[in-house]
Amino acid sequence: MLGTLTSLIEITQVSSQGFWLLLPNEELFLSFENFPWFKDVTIKELCEVEWPSENHIYWPNLEIDLSIESIKDPAAFPLRYKT
């Protein structure tokens with residue numbers, strides 16, 4: 001991999017329930033219920049997102065690293081860091 005795929009990832013919509021993450025081939029919804037770490041962050045912090053590898057999304061300023069699988073199926077990853 002030559003670098004981070006930052007231009008291929010985008011936050012498209014934020015609501016009181018969560019936000020949508022747009023990737024080249026799909027759009028994923030991250031609910032604040034399943035991903036509570038994002039609930040109180042600013043829009044700027046949320047939008048500063050990187051795609052360091054094909055299966056991982058990273059928010060460097062928040063120090064949050066998620067796999068695509070955990071976003072698609074949060075129930076399959078029951079262990080969570082409590083904020």
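I call a residue buried when its relative accessible area is under 20%, exposed when it is over 50%, and partly exposed in between (1.4 Å probe, protein chains only).

**Entry 1: ground rules**

The model I have open is predicted, so I keep in mind that local features need pLDDT of at least 70, that side-chain atom pairs count only at pLDDT 80 or more, and that totals for chains, interfaces and linings use all residues. Residues are numbered from 1 along each chain as its sequence is written, and side-chain values use heavy atoms, with hydrogens and water left out.

**Entry 2: the whole chain**

I began with the overall layout. Helices (H or I, at least four residues) and strands (E, at least two) are DSSP runs, numbered from the N terminus. I found 2 helices and 6 strands, in the pattern β-β-β-α-β-β-β-α along the sequence. Of the 83 residues in the chain, 30% are buried.

Next I looked up contacts, meaning heavy atoms within 4.5 Å. Among the contacts in the chain with a separation of 6 or more, 39% are between residues 24 or more positions apart.

**Entry 3: the sheet**

Strands of a sheet pair through backbone hydrogen bonds, either parallel or antiparallel. Here I count two strands as paired if DSSP finds at least two bridges between them.

Which order do the strands of the open sheet take? I read 3 strands, β1-β2-β3, with antiparallel pairing. The edge strands are β1 (10–14) and β3, each of which pairs on one side only. Neighbouring strands of this sheet are turned by 25 degrees against each other on average, direction ignored; the axes are lines fitted to C-alpha atoms (for helices, over the stretch in contact), and angles run from 0 to 180 degrees between N-to-C directions.

I then followed β1 and β2, which form a hairpin with 3 residues between them. The two are joined by 4 bridges. Glu-10 stands opposite Leu-22 in β2, and Gln-13 faces Trp-20 in β2.

**Entry 4: aromatic rings**

My pairing rule: rings of Phe, Tyr and Trp (its six-membered ring) pair if their centres lie within 6.5 Å; planes under 30 degrees apart count as stacked, over 60 as edge-to-face and the rest as tilted. By this rule I get 6 aromatic pairs.

Why is the pair of Phe-19 and Phe-32 called tilted? Their ring centres are 6.3 Å apart and their planes are at 45 degrees, so the pair is tilted. Phe-19 sits in strand β2 (residues 18–22) and Phe-32 in the loop between β3 (27–31) and α1 (43–47), so this pair links distant parts of the chain, 13 residues apart.

**Entry 5: the core**

A nonpolar core is a set of buried Ala, Val, Leu, Ile, Met, Phe, Trp, Tyr and Cys residues joined through side-chain atoms within 4.5 Å. The largest has 20 residues, and Leu-30, Phe-38, Ile-57 and Trp-59 have the most contacts inside it. β2, β3, β5 (56–59), β6 (64–67) and α2 (68–72) each give two or more residues to this core.

I picked out Ile-57: leaving aside neighbours within four places in sequence, its contacts include Ile-9, Leu-21, Val-49, Trp-51 and Ile-71.

**Entry 6: one serine**

Last, I looked at Ser-70, which lies in helix α2 and is buried at 10% relative accessibility. Beyond neighbours within four places in sequence, Ser-70 is in contact with Phe-35 and Phe-77.
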